[in-house]
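Me: I am new to this structure and would like a short tour. Could we go through it piece by piece?

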Amino acid sequence: MIKLIRLVLWIAAVAALAVGVYLITRKDKDPYDVGKARISDIESMARLCTIDIYNEAPVLDTINNKVIFAIQKQRGSISFDLDSLDTSYSGDTVIVTLPREIVEIHESTDPDSWQVIDTKSLALFVKDRMSLQEENAVKSKIRSRAIRQLYENGTVARARSEAAANLRSLLEMSLRHPVRVIDPDPDGSPYR
């Protein structure tokens with residue numbers, strides 16, 4: 001009886017070893033097909049960032065006869081494309097024209113960046129809850145309002161002023177010539 005148990009254990013061990021060797025050495029085709037990477041477009045852009053934006057915007061809006069009250073956390077920046085600088089010379093002075101500002105503002109990726117406080121239907125027998133499409137329509141309006149507010153409260157004007165000063169000192173250090181920065185639109189213009 002003991003010999004029979006040893007024989008069964010020995011056969012089980014050999015079978016387990018054979019299965020392990022087979023699993024390790026088999027050469028099945030990978031289930032993934034990996035192709036070569038392709039670059040579709042390269043755009044070289046050097047930007048001078050003057051202001052980073054973090055904002056918590058209260059939202060009160062209506063859409064499809066529903067009212068929403070929410071809070072959105074926003075992040076963004078105001079920067080300037082240095083590849084599009086217009087330069088000229090007057091004697092040994094370099095004259096630079098400040099380009100149009102690039103205002104970017106988006107919903108933050110932080111946790112709880114979009115918090116719906118309350119929704120209410122203005123129509124009878126219609127659910128108070130908003131659909132994702134309705135919430136996204138409200139969010140698209142929030143972005144344009146936030147950008148308009150940056151122009152109205154002077155944030156863009158301050159960014160343009162700081163950009164002109166930073167660009168002048170940066171270029172004077174690197175070029176070792178006097179630099180004059182001309183700002184054609186000191187307050188900025190969202191429609192320029």
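Reply: Gladly. In this predicted model, strands β1 and β2 run antiparallel and are joined by 16 bridges.

Me: How many residues lie between β1 and β2 in the hairpin?
Reply: Two residues separate the strands of this hairpin, and N64 in the turn has a positive phi of about 50°.

Me: And which residue is the bridge partner of E56?
Reply: E56 is bridged to K73, which belongs to β2.

Me: Changing topic: how many residues has helix α2, and what does it span?
Reply: Helix α2 covers residues 132-152, which makes 21 residues. From first C-alpha to last it reaches 30 Å, close to the 30 Å expected at 1.5 Å a residue.

Me: Which residues of α2 are buried?
Reply: They are E134, E135, V138, K139, I142, A146, I147, L150 and Y151.

Me: What covers them?
Reply: The cover includes the strands β1 (47-63), β2 (66-81), β5 (101-107) and β6 (114-121), together with helix α3.

Me: What comes just after α2?
Reply: G154 is found there, with a positive phi of about 90°.

Me: Where is T155?
Reply: T155 is in helix α3, which comprises residues 155-175.

Me: Is T155 buried or exposed?
Reply: T155 counts as buried, because its relative accessibility is 13% and the cut-off for buried is under 20%.

Me: Which residues does T155 contact, leaving aside neighbours within four places in sequence?
Reply: T155 is in contact with I51, I78 and L150. Of these, L150 is also one of the buried residues of α2.

Key:
Residues numbered from 1 in each chain as written. Predicted model: local features only at pLDDT ≥ 70, side-chain atom pairs only at ≥ 80, totals over all residues. Heavy atoms only, no water. Helix = DSSP H or I, 4+ residues; strand = E, 2+ residues; numbered from the N terminus. Buried < 20%, exposed > 50% of the residue type's maximum accessible area, 1.4 Å probe, protein only. Contact = heavy atoms within 4.5 Å. Expected span 1.5 Å × (residues − 1). Pairing = 2+ DSSP bridges.
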